[in-house]
Amino acid sequence: MARPPDWSALPPGTDPTPGDPQQVEALGKAFTALATRAATIHNETSQMRADGVIQQWVGFSAQAYKKHIDPVPPDVAKLRD
């Protein structure tokens, strides 16, 4: 996408859209990829939490696992959204 060369309607020396359009586009793609990965992680960890086998798991290891997995889906949902 080319930037317009004529900014004559603006005060001299100003640019209403500073920056490199290619860099902005690349950053947008990177954020989109991150959101896609976050959605995948959210879906998979939510399924793991709902798994009947995990719900029936008891003991210290189960408590430790649940302590670490429970906050993951809400935190990843924030990243995804």
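Where does His 42 lie? I looked this up to begin, and His 42 lies in helix H1. Helices here are DSSP runs of H or I with at least four residues, strands are E runs of at least two, and both are numbered from the N terminus.

**Notes on the model.** I am working with a predicted model, in which local features need pLDDT of at least 70, side-chain atom pairs count only at pLDDT 80 or more, and totals for chains, interfaces and linings use all residues. Residues are numbered from 1 along each chain as its sequence is written, and side-chain values use heavy atoms, with hydrogens and water left out.

Contact means heavy atoms within 4.5 Å.

**Entry on H1 and H4.** I noted that two packed helices are described by the angle between their axes and the distance between the axes. Helix H1 covers residues 21-50 and helix H4 covers residues 72-80; they pack at an angle of about 160°, with axes 8 Å apart. The axes are lines fitted to C-alpha atoms, for helices over the stretch in contact, and angles run from 0 to 180 degrees between N-to-C directions. H1 and H4 are therefore roughly antiparallel to each other (over 145 degrees; under 35 is roughly parallel, 65 to 115 roughly perpendicular and the rest oblique).

Which residues of H1 meet H4? I listed Leu 34, Ala 35, Ala 38, Ala 39, Ile 41, His 42, Thr 45, Ser 46 and Arg 49 on the H1 side. On the H4 side I listed Val 72, Pro 73, Pro 74, Val 76, Ala 77, Leu 79 and Arg 80. By class, this contact of H1 with H4 has eleven nonpolar, three polar and two charged residues. Ala, Val, Leu, Ile, Met, Phe, Trp, Tyr, Cys and Pro count as nonpolar, Asp, Glu, Lys and Arg as charged, and the others, Gly among them, as polar.

**Entry on Thr 45.** Thr 45 is also placed in helix H1. Its relative accessible area is 9%, so Thr 45 is buried. I found the side chain of Thr 45 reaching the backbone oxygen of Ile 41 at 2.8 Å. Leaving aside neighbours within four places in sequence, Thr 45 is in contact with Ile 69, Val 72 and Pro 73.

**Entry on the segment before H1.** I found Trp 7 in this segment. Trp 7 counts as partly exposed, at 27% relative accessibility. Beyond residues up to four places away in sequence, Trp 7 touches Thr 14, Asp 15, Pro 16 and Thr 17. Asp 15 lies in the segment before H1 as well, and is partly exposed with a relative accessible area of 30%.

Technical notes. Buried means under 20% relative accessible area, exposed over 50%, partly exposed in between (1.4 Å probe, protein chains only). A polar contact is a pair of N or O atoms within 3.5 Å; within protein, one must be able to donate a hydrogen and the other to accept it, and residues adjacent in sequence count only if both atoms are side-chain atoms.
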